[in-house]
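The exercises that follow ask you to read a protein chain from its fold down to single side chains. Work through each task with the structure open before turning to its solution.

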Amino acid sequence: AGSPFCSNAATQSVTRTGTTGGTYSSTAGLSINASTGAVTPSTSTPGTYTVTYTIAAAGGCPVTTATTSLTINPLPVATISYAGSPFCGNVSSGQAVTQTGTVGGVYAAPAGLRINATTGAVTPSASTPGTYTVTYTIAASSGCPAVAVTASVTITAPPTSTIAYTGSPFCSNTAGTQAVTR
């Protein structure tokens, strides 16, 4: 019960009815206890397996077998990063995320950072300057729990400056250097 299992799951027991004293077996890749039938997904290779319970011939009866199938799915994994961070707040184009691993997750960030929930692209000019944690979440499925990974993004305020020359316009015969006010 419970199949499919995720590859990070602890040992799982088998439900058996009928004659006791048999042995459990399967193909290579599945960590199975031959006496109890318990499987350990975390030390097994993801895949679909047939488990066989074999009762030896005895009392004039032939060998008897029962089979069932179970599946172990790989735990989703992903990484995300923003190679260009920090971004200047005057950049108006979406800045892409570098994502590896399982696709299909959703991006989210705190208020103040404009982010595309599907692509993970951030728009600095539509964001408030600051440092944000972006979360990429892969939903729970196929026996595996939800997985979330994060990356940091910094938006910096664009530099601003004004300058003026007090007394402008100047006459061409004004002596000395005229200072700038900024």
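## Exercise 1: The surroundings of one valine

Leaving aside neighbours within four places in sequence, list the residues that are in contact with Val-134, and then find the nonpolar core to which Val-134 belongs.

**Solution.** The model is a predicted one, and every value below is computed from it.

Step 1. Once its neighbours within four places in sequence are set aside, Val-134 is in contact with Ile-80, Tyr-82, Tyr-107, Ala-108, Ala-109, Leu-113, Ile-115, Val-149, Thr-150, Ala-151 and Val-153.

Step 2. Val-134 is one of the residues with the most contacts inside the largest nonpolar core, which has 17 residues, and the others named with it are Ile-80, Tyr-82, Tyr-107 and Val-153. At least two residues of this core come from each of strand S5 (78-81), strand S9 (130-138) and strand S10 (147-156).

Step 3. A separate, second core has ten residues, among them Tyr-24, Val-39, Val-51 and Ile-72. As background, nonpolar side chains tend to be buried together in soluble globular proteins.

## Exercise 2: Aromatic pairs

How many aromatic pairs does the chain hold, and which strands does each pair link?

**Solution.** Step 1. The count comes to two aromatic pairs.

Step 1. Tyr-24 belongs to strand S2 (residues 23-25) and Tyr-53 to strand S3 (residues 47-55), so the pair ties together parts that lie 29 residues apart in sequence. Both Tyr-24 and Tyr-53 are buried.

Step 2. The pair of Tyr-107 and Tyr-136 is also tilted, at 4.6 Å centre to centre with 40° between the planes. Here Tyr-107 lies in strand S8 (residues 106-108) and Tyr-136 in strand S9, 29 residues apart, and the pair thus links distant parts of the chain. Tyr-107 and Tyr-136 are both buried.

## Exercise 3: A sheet and its edges

Give the order of the four strands in the open sheet, and state which strands stand at its edges.

**Solution.** Step 1. The order is S1-S4-S3-S2, and the pairing is mixed.

Step 1. Strand S1 (5-6) and S2 each have a single partner strand, so they stand at the edges, with one side of each left without a neighbour in the sheet.

Step 2. S2 and S3 run antiparallel and are joined by three bridges, and the bridge partner of Tyr-24 in S3 is Tyr-53. S3 also pairs with S4 in the antiparallel sense, over nine bridges, and Ile-55 has Thr-64 as its bridge partner in S4.

## Exercise 4: The chain as a whole

What secondary structure does the chain have, and how does its radius of gyration compare with that of a compact globule of 182 residues?

**Solution.** Step 1. The chain has zero helices and ten strands.

Step 1. A compact globule of 182 residues would have a radius of gyration near 16 Å, whereas the chain has 32 Å. Along the principal axes, the C-alpha atoms fill a box of roughly 125 × 25 × 20 Å.

Step 2. Buried residues make up 26% of the 182 residues. Of the contacts with a separation of 6 or more, 54% are between residues 24 or more positions apart.

Key:
Residues are numbered from 1 along each chain as its sequence is written. This is a predicted model: local features need pLDDT of at least 70, side-chain atom pairs count only at pLDDT 80 or more; totals for chains, interfaces and linings use all residues. Side-chain values use heavy atoms; hydrogens and water are left out. A nonpolar core is a set of buried Ala, Val, Leu, Ile, Met, Phe, Trp, Tyr and Cys residues joined through side-chain atoms within 4.5 Å. Buried means under 20% relative accessible area, exposed over 50%, partly exposed in between (1.4 Å probe, protein chains only). Contact means heavy atoms within 4.5 Å. Rings of Phe, Tyr and Trp (its six-membered ring) pair if their centres lie within 6.5 Å; planes under 30 degrees apart count as stacked, over 60 as edge-to-face and the rest as tilted. Two strands pair if DSSP finds at least two bridges between them. The radius of gyration is taken over C-alpha atoms; the globule rule is 2.2 Å times the number of residues to the power 0.38.
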